[in-house]
Structure formats: structure tokens, C-alpha cells
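Thanks for passing this one along. Below are my notes, point by point, for you to read beside the coordinates.

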Amino acid sequence: MQSSKDFDLSRRTVLVGATASAAIAAAPAGAHAKQAGEPALSKFSLKVNGTAHQLELDLRTSLLDALREHLHLTGTKKGCDHGQCGACTVLVNGRRINSCLTLAVMHDGDEIKTIEGLGTPDRLHPMQAAFVKHDGYQCGYCTPGQICSAVAVLDEIKAGIPSHVTADLNAQPQLNATELRERMSGNICRCGAYSNIVDAITDVAGSQA
Amino acid sequence: MKSFTYERAQSPADAAAAAARTEGAKFIAGGTNLLDLMKLEIETPTHLIDVNALALDKIEATPDGGLRIGALVRNTDLAADARVRRDYAVLSRALLAGASGQLRNKATTAGNLLQRTRCPYFYDTNQPCNKRLPGSGCAAIGGFSRQHAIVGTSKACIATHPSDMAVAMRVLDATVDTVQPDGKTRSIALDDFYRLPGETPHIETTLTKGELITAVTLPKPVGGTQIYRKVRDRASYAFALVSVAAIVQRDGSGRVAMGGVAHRPWHVAAADSEIPRGARAVTARLLADAATTHENAFKVKLAERTLAAVLAKAKG
């Protein structure tokens with residue numbers, strides 16, 4: 001666990017600290033058999049939202065945990081941590097992936113874009129503005145992942161990548177609600193804001209066309 | 001997650017050699033299945049060999065008119081390749097029926113072939129599972145078995161193989177190209193690549209220790225109407241209850257493989273010759289030795305009806 005000195009003491013910090021202690025207490029069970037209690041570290045760099053970061057982290061650190069716990073970019077959310085919910089979606093070299101299912105060390109030199117890099121409260125990305133306009137959320141927890149995914153979906157359609165519901169594999173895929181729903185199926189919203197999410201994406205797609 | 005060491009492989013042969021000499025080593029490419037299983041400590045490699053830097057991410061034409069798909073080609077890129085869409089539509093369709101956009105962007109061709117079953121008892125480390133812990137028993141037999149296999153099962157395991165892509169590759173007669181730790185290469189027909197569970201369900205393929213998949217080769221296009229139909233519990237982002245990959249020619253002949261019914265993509269040569277006689281005749285051959293549970297017996301009828309829909313669509 002890297003120092004969390006940049007955080008004010010909060011409920012979250014206390015919880016993280018408690019988890020770390022529990023992990024250390026459990027270590028003799030053989031998790032670090034190689035060098036008694038020493039997790040393997042690795043040095044690498046990530047370019048996140050245009051800024052280069054040098055990191056030295058436990059090899060087991062997921063890209064998601066590197067972003068949240070070490071770079072303190074907490075916009076990207078941890079939902080299921082198993083690639084099933086899409087809350088952790090970020091853009092790596094322009095492509096959307098689940099940041100929970102990849103090791104940070106495997107992204108040495110990659111360009112990562114998170115929700116913080118898409119827009120700011122003062123200068124919203126068009127997709128962020130459309131989610132606000134169409135009320136594309138309720139609790140908001142899945143929203144950063146939904147927005148990162150939605151931005152990539154429009155690029156994927158533009159690039160001619162077909163989907164499960166594309167009728168003609170050899171034609172340019174259409175931009176309609178059926179396509180958007182299928183392409184967004186990796187992002188779960190437990191509040192059920194799906195119809196407004198489709199409206200928001202359709203709005204942005206229309207203004208781009 | 002258990003601790004591990006990590007290296008980036010420089011060449012396919014080096015990767016295979018490193019995997020053979022390092023006890024507990026595993027290759028990692030997309031990682032979308034392996035890391036999921038490592039978090040749950042179902043997979044506990046002590047060393048990871050990252051193969052992402054190997055130049056195995058191309059799709060190239062072969063001298064005899066087929067396609068050679070590099071092991072690292074991502075599922076999205078394979079599904080979207082113009083040659084695949086035109087000449088091997090069943091493969092594009094199968095890929096697009098699987099996983100989510102995020103996962104397809106990361107998952108590789110070889111990793112898709114090697115993904116592990118989604119049997120809930122394999123995932124639940126509190127339950128016995130011969131695949132996860134050989135000799136511990138099978139909790140799926142007598143358990144909740146709605147998703148499980150109906151053909152090719154054993155007393156040790158009734159898990160299914162979860163891949164859609166592999167079902168399409170089976171119907172396309174794909175071969176798996178590999179490099180072994182001594183640098184020798186070989187090609188394995190997909191039919192010989194996957195094993196049935198038998199007494200050793202933890203051994204899923206015929207790959208040897210350290211052997212690395214470098215590519216999957218498709219023979220030259222066979223034309224025909226190519227269809228992949230997947231039936232699942234929700235319309236998207238779910239594993240198959242039953243899936244059908246079919247290639248049907250104008251003269252009514254064709255080939256069929258099924259997913260969601262066995263420990264590997266399911267194909268029976270004798271069943272293909274029944275295609276002109278319809279879905280019931282094909283399914284009777286394909287699932288002749290079906291051994292169902294009370295909960296998955298519906299898959300036999302579902303398979304027949306799914307195939308009937310596919311054959312009707314192929315007729316146009």
C-alpha cells in the first residue's frame with residue numbers, strides 16, 4: 001500500500017488501512033512464499049489524462065487500483081471488480097476496457113483516459129453534458145463508466161466495427177437505439193437509467209453527424 | 001490474489017522455454033479470464049509471462065487461400081476484419097455474440113480458446129470441483145445444473161466450454177498453430193485440441209507443458225450461408241444455454257457445431273450428412289448419447305429448435 005498522505009483522514013482511508021493490516025496479518029499463509037512477506041514490486045510509467053506518472057507498485061495492482069488508490073483519480077469506479085459491470089471502464093490508447101481486469105504493469109507507456117480527462121465541471125465533455133441534460137443516471141455510481149463507454153461506442157460505430165445486432169456485416173453499422181443498447185450491454189445500471197442513457201448518447205451522436 | 005513474479009517475453013520460442021522451465025508459470029495476454037480467476041485464487045500462478053509484445057497480432061492470407069490469425073489478435077479486431085466478415089461470417093457473428101465491447105477489446109484469439117468454464121461450482125472455492133481441485137468431486141452433478149453439459153460428460157465433470165468463437169472455429173475446421181519449448185512448431189486440428197473431461201477434467205487441451213499458441217489458421221473460404229445463433233438468458237452479455245454455428249450450401253449440404261452443450265465445441269461428422277433431412281435428424285445424431293440431468297434436459301429440445309430456426313433462415 002503506497003502512502004495515502006495526500007488524502008485527508010476519511011472513512012475511506014480508515015477502511016483502506018484496515019484492509020491493508022488484514023492482508024499483512026494473513027501473509028504467513030504462503031501468499032509471499034518467495035521472500036517472506038515481500039510482495040514483488042515493479043517500476044513502470046502510465047500517461048494518464050496527458051500527464052506522465054512513474055509508479056512502483058505491487059505487481060498485483062490492477063489498472064483500476066493504480067488509478068484510484070495510487071493516482072487518486074477516484075472518478076473511475078470499482079463495482080464488481082470482475083469485468084461484469086463496466087463501472088471501471090476507461091480508455092486505453094483510445095479503446096475502452098475494464099480497468100479491473102488488467103494489471104497496471106501491463107500498461108507501461110500506455111495512454112489512459114479516465115472520466116477526469118474527458119471533461120471538467122467547468123468544461124464538460126459533450127457526453128457528460130448530454131448525460132446531465134437527459135438525466136442519464138440516478139445514483140451516479142455507474143456513470144463514469146457509462147460515459148467512457150459511450151464515447152468509445154460512437155468511435156467504434158464510426159470505425160465500422162459491427163455488433164451482434166448489425167443486420168449486414170458488410171455495411172456501415174447504423175446508429176440507432178438497438179445498436180446502442182447492444183453496444184452498451186457491458187455497462188450495468190442498477191438504477192435502470194438505460195432509456196435516458198440511450199437518449200443522451202443519441203443526442204451526442206446526432207450533433208456529431 | 002497470490003503473489004507472483006513477472007516477465008515480458010521477447011519471442012514466442014523464448015516464452016515457451018520460460019514457461020517450461022518455470023514451475024507454476026502461466027502466459028498472460030488479454031488477462032480478462034486469468035485475472036478474474038487469480039482474484040478468486042482459483043488460478044494461482046507463481047510467475048506470469050506477458051506475451052503481449054510478441055508480434056502475433058496480424059491477420060494474414062495463407063498461400064492456399066485461407067487466413068492465419070495471430071494469437072494476440074483481439075476479439076474486436078478479428079470480428080471487424082473485412083475478410084472475416086465477408087468470407088467467415090460465422091466467426092464474426094460468434095465473436096460479436098460473446099462478452100461485452102470492453103472485454104472484446106482486450107480478449108485475444110488464443111486466450112478465448114483457453115478460457116476456463118463458467119461452471120458456478122468451479123468458481124465457488126467452498127465446493128468440490130474436479131477441474132479446480134482434482135479428486136475432490138463434482139458439486140454440479142446433483143447440484144444446480146441448468147447451464148451444464150449434456151454430451152461428452154463424465155462422472156467427474158459436466159462443465160461446458162464457454163467460448164462462442166471456438167464453436168465457429170470448429171465448424172470452419174480451424175487448426176491451432178503452436179511453438180514448443182524446444183522451438184519446434186506444430187498444427188493441431190481444433191477437434192484434437194480440446195479434450196473431453198473423462199477422469200481428468202483439469203486437463204482441458206492437448207497442449208504440452210510450456211507450449212504456446214501462436215496462431216489459428218482457417219482453411220480457404222467454403223462459402224455458403226453462415227449463421228451463428230446463440231440462445232441465452234438475456235439478450236446480450238451472457239453465456240450460451242445452447243448455440244449453433246452452421247454453414248449451409250445451396251445444395252442443402254452443410255456443417256453444424258454446437259456450443260453450450262459439452263466440454264468442447266460439439267461436432268459429429270455423421271450429423272452433418274443429416275442436414276438435408278432437417279433439424280430433428282441432425283440433432284438425433286449430434287446429441288445421440290445425451291446424458292441429461294433433471295435441470296438441463298430442456299437443452300436437447302432447445303438445441304433441436306435452435307437448429308431448426310437456423311436451417312429455416314439458411315433456406316431464406
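**Notes on the two-chain model**

1. Let me begin with a charged pair in chain A: Lys78(A) and Asp81(A) form a salt bridge, with 3.7 Å between the closest N and O atoms. Please keep in mind throughout that this is a predicted model. Lys78(A) has a relative accessibility of 29%, so it counts as partly exposed. Asp81(A) counts as buried because its relative accessibility is 19%, and the cut-off for buried is under 20%.

2. With Lys39(B), the side chain of Asp81(A) makes a salt bridge of 2.9 Å, N to O. The two side chains are also listed as a polar contact at 2.9 Å.

3. That brings us to the interface as a whole. On the chain A side 41 residues are in contact, and on the chain B side 42. The area buried between the two chains is about 3500 Å², and carbon and sulfur atoms give 53% of it. How many salt bridges cross between chain A and chain B? The rule finds two. Polar contacts across the interface of chain A and chain B come to 19 residue pairs, both residues being at pLDDT 80 or more.

4. Where does the chain A side of the interface come from? Both β4 (95–98) and α5 (143–158) of chain A supply at least two residues to the side that touches chain B. The largest share belongs to β4(A), with four residues. By residue class, the side of chain A that touches chain B divides into 14 nonpolar, 18 polar and nine charged residues.

5. The side chains of Arg96(A) and Glu156(A) meet at 2.9 Å, N to O. Arg96(A) lies in strand β4 and Glu156(A) in helix α5 of chain A, so this pair links distant parts of the chain, 60 residues apart. Are these two residues buried or exposed? Both Arg96(A) and Glu156(A) are buried.

6. Helix α5 of chain A holds another residue worth a visit, Gln146(A). At 1% relative accessibility, Gln146(A) counts as buried. A polar atom of the Gln146(A) side chain lies 3.5 Å from the backbone oxygen of Asn187(A). Not counting residues up to four places away in sequence, Gln146(A) touches Phe131(A), Met184(A), Asn187(A), Ile188(A), Cys189(A) and Ile197(A).

7. β6(B) runs antiparallel to strand β7 (residues 185–189) of chain B, and five bridges join them. Thr178(B) has Arg186(B) as its bridge partner in β7(B). The two strands form a hairpin with five residues between them. In the turn, Gly183(B) has a positive phi of about 90 degrees.

8. β6(B) has another pairing to check, with strand β8 (residues 212–218) of chain B. This pairing is antiparallel and runs over five bridges. Val176(B) stands opposite Val216(B) in β8(B).

Technical notes: Residues numbered from 1 in each chain as written. Chains lettered and ligands numbered in written order. Predicted model: local features only at pLDDT ≥ 70, side-chain atom pairs only at ≥ 80, totals over all residues. Heavy atoms only, no water. Contact = heavy atoms within 4.5 Å. Buried area = accessible area lost by both parts, 1.4 Å probe. Salt bridge = Lys/Arg side-chain N within 4 Å of Asp/Glu carboxyl O. Polar contact = N/O pair within 3.5 Å; in protein donor to acceptor, adjacent residues only side chain to side chain. Nonpolar A, V, L, I, M, F, W, Y, C, P; charged D, E, K, R; others polar. Pairing = 2+ DSSP bridges. Buried < 20%, exposed > 50% of the residue type's maximum accessible area, 1.4 Å probe, protein only.
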